[in-house]
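Please read it alongside the sequence and the coordinates shown below.

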Amino acid sequence: MSQRNSLGFASGLACLAVFSLIVVAPPPASAEDLQLFYDNFDGGQVIAPGVSGGFSGFTSLAPVQGYGGLGSGSNVMAGMFLHNPTGDNFTNTPSVPTTLRLTGLPPHSGIRLSFFLAIIDTWDGEHFDSPGGPQDLFNVSVNGVNFFRHTFTNFTFNDQSYVPPPGGLLSSLSNRFAFMPGEPYDDSLYDMGQDLARFGNIPHVGDTLQLDFVANGSNWNRPANESWGFDNVRVTLLNVVPEPGSITLLSIATLAVARRRRDNDNAKAAHVAAERQVQGFAASRRRAGVRISGFGVRARGKSAGPS
Ligand SMILES: [Ca+2]
Ligand SMILES: [Ca+2]
Ligand SMILES: [Ca+2]
């Protein structure tokens, strides 16, 4: 390609790019949900491509014991789960949060959180026998801001602030897990993924997500006999939209390729037409004996057509 043609093609491509940005830029791609993170604590951890991070803080695992098989479909308690028996306000021992921190998130409008929550042993709920009394609380914070804060109990189910939706309570008033051998206290299990009102669309934007899970309260009483755990933790990003810049550049590249193909096709068609025209003129010259010229070949006294 000559320099002049190259410049012409470049300027044409530039015009095409502007045209694409102003007129031909496609509408935004439809937003979709994206699984950001999943962990069943049995080697099944999955993190979305381009995203990094994981659990920190208190991360000890334990066998699910009698919780095994609770759930529905393929989403059931199995194998190991994260078990957090830290903190004791009777001895001024602070609880240690279990933290999930993920970075490199694509643009989105919120998150959906799903996990099995095991409430283990003698949680005392809202009041512990008297209104305004000491409590046992489970908390979830999103990027440092407390998002979920509710009391739970394994004694009298109605004496807790958390009210699960239909299908949210999988087990209660049953001893499913013994932290100490022979321990007789009842436990409960919740499928927090069923609680779409609270966990179905948690406001969150930005490329970093930090979730902190911790139990505490003025009656929080571990190591004596209260602890918690979770399994099958899943974080879904909501309304993930591809970045407009990548869409526009893709559009420009696609249109540029189409433009080059069209130019090549036009050039081929013109070349064929020219050959046919020259052949026609040559035949006409041979028939009529006239001098012809055309397409860069000036025929003076000899044939311009193919020999
Ligand atoms: Ca598991
Ligand atoms: Ca128990
Ligand atoms: Ca307690």
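Helices (H or I, at least four residues) and strands (E, at least two) are DSSP runs, numbered from the N terminus. Two strands pair if DSSP finds at least two bridges between them. The structure is a predicted model, in which local features need pLDDT of at least 70 and side-chain atom pairs count only at pLDDT 80 or more, while totals for chains, interfaces and linings use all residues. Residues are numbered from 1 along each chain as its sequence is written, and chains are lettered from A and ligands numbered from 1 in the order in which they are written. The chain has three helices and 18 strands.

**Confidence**

- The mean pLDDT of the chain is 78, with 66% of its residues at 70 or more; pLDDT is the predictor's confidence in each residue, from 0 to 100.
- The pLDDT is below 50 over residues 1-28, a stretch that has 21 contacts in the model beyond near neighbours in sequence; two residues are in contact if their C-beta atoms, placed from the backbone, lie within 7 Å.
- Residues 246-259 also have pLDDT below 50, and this stretch has 18 contacts beyond near neighbours in sequence.
- Where pLDDT is low, the predicted coordinates should not be read in detail.

**Overall packing**

- Of the 307 residues in the chain, 26% are buried; a residue is buried if 20 or more other C-beta atoms lie within 10 Å of its own, exposed if 12 or fewer, and partly exposed in between, with C-beta atoms placed from the backbone.
- Among contacts between residues at least 6 apart in sequence, 73% join residues at least 24 apart.

**The five-stranded sheet**

- An open sheet of five strands has the order β3-β8-β15-β10-β11, with antiparallel pairing.
- β3 (52-57) and β11 are the edge strands, each with a single partner strand, so one side of each is left without a neighbour in the sheet.
- From one strand to the next, the twist averages 10°; the axes are lines fitted to C-alpha atoms, for helices over the stretch in contact, and angles run from 0 to 180 degrees between N-to-C directions.
- Six bridges connect β3 with β8 in the antiparallel sense, and glycine 57 has threonine 98 in β8 as its bridge partner.
- β10 (residues 137-142) and β15 (residues 208-216) run antiparallel and are joined by six bridges; serine 141 is bridged to aspartate 212 in β15.
- β10 also pairs with β11 (residues 145-151), again antiparallel and over six bridges, and valine 142 has valine 145 in β11 as its bridge partner.
- The hairpin of β10 and β11 has two residues between the strands, and asparagine 143 takes a positive phi near 50° there.

- Five of the five residues of β13 are buried.
- Burial covers both faces of β13, with Asp187, Leu189 and Asp191 on one side and Ser188 and Tyr190 on the other.
- β9 pairs with β13 in the antiparallel sense over five bridges, with isoleucine 119 opposite serine 188 in β13.
- β12 (residues 169-174) likewise pairs with β13 in the antiparallel sense, over three bridges, and serine 174 stands opposite aspartate 187.

**The largest nonpolar core**

- This core has 42 residues, of which Leu117, Ala118 and Phe230 touch the most other members; a nonpolar core is a set of buried Ala, Val, Leu, Ile, Met, Phe, Trp, Tyr and Cys residues joined through C-beta atoms within 7 Å.
- Elements that give two or more residues to this core include β1 (32-39), β7 (80-84), β8 (98-103), β13 (187-191) and β16 (226-240).
- β9 gives the most to this core, with eight residues.
- Beyond its neighbours within four places in sequence, phenylalanine 230 is in contact with Phe81, Leu82, Phe115, Phe116, Leu117 and Ala118.

**Individual residues**

- Phenylalanine 41, in the loop between β1 and β2 (46-47), has a positive phi near 60° and counts as buried because 22 C-beta neighbours lie inside 10 Å.
- Asparagine 92, in the loop between β7 and β8, has a positive phi of about 55° and is exposed, with 7 other C-beta atoms within 10 Å.
- Valine 76 lies in β6 (residues 75-76) and counts as partly exposed, with 18 C-beta neighbours inside 10 Å.
- The C-alpha atoms of valine 76 and aspartate 191 are separated by 9.6 Å, although these residues are 115 apart along the chain.
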